[in-house]
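Hi there,

Here is the structure I promised to pass on. Have a look at it first, and my notes follow below.

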Amino acid sequence: MMGLFASGKHSQSICDRCGMAYPYLSIKEEWNGSRVCPECFETKHPQLDPPKVTADAEALRDAAPDRTEPAVDSTAYDNFFNGLP
Ligand SMILES: [Zn+2]
């Protein structure tokens, strides 16, 4: 079956980086889309991908924090019922 494209086994191609002519079949495409010769070919550097950033976990499951006791209500000791037998 005939393909849509010629195989290119007799063709040459220009490297996108150094501009030299190379056999078409030796040209490789880099991660950024550049079609370069074998000498110019570089893999993507890992630091080009940003690190995964996640938030630190702070909340506790079933937390039981200390509490501040409310001040004693002084009106409870000075009312109508005080002093009765
Ligand atoms: Zn090149």
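**What I found**

Glutamate 42 lies in the segment after S4. Glutamate 42 counts as exposed, because the number of C-beta neighbours inside 10 Å comes to 11, and a residue is exposed if 12 or fewer other C-beta atoms lie within that distance. Which separation goes with the pair glutamate 42 and lysine 28, in sequence and in space? Along the chain the two are 14 residues apart, and from C-alpha to C-alpha the distance is 9.8 Å.

Before going further, please keep in mind that this is a predicted model.

Now to the chain as a whole. The protein chain has 85 residues, and 5% of them count as buried. As for contacts between residues at least 6 apart in sequence, 2% join residues that are at least 24 apart.

Next comes proline 23, which sits in strand S2, residues 21-23. Is proline 23 buried, exposed or partly exposed? Proline 23 is partly exposed, because 14 other C-beta atoms lie within 10 Å, and that count falls between the limit of 12 or fewer for exposed and 20 or more for buried. Proline 23 also pairs up in my notes with cysteine 37: the two are 14 residues apart in sequence, with 8.6 Å between their C-alpha atoms.

Where does aspartate 62 belong in the order of elements? Its place is in the segment after strand S4, which covers residues 35-36. Aspartate 62 has a positive phi of about 55°, although it is not a glycine. Aspartate 62 counts as exposed, because it has 4 C-beta neighbours inside 10 Å.

Happy to go through any of this with you.

Best wishes

Notes:
Residues numbered from 1 in each chain as written. Predicted model: local features only at pLDDT ≥ 70, side-chain atom pairs only at ≥ 80, totals over all residues. Contact = placed C-beta atoms within 7 Å. Helix = DSSP H or I, 4+ residues; strand = E, 2+ residues; numbered from the N terminus.
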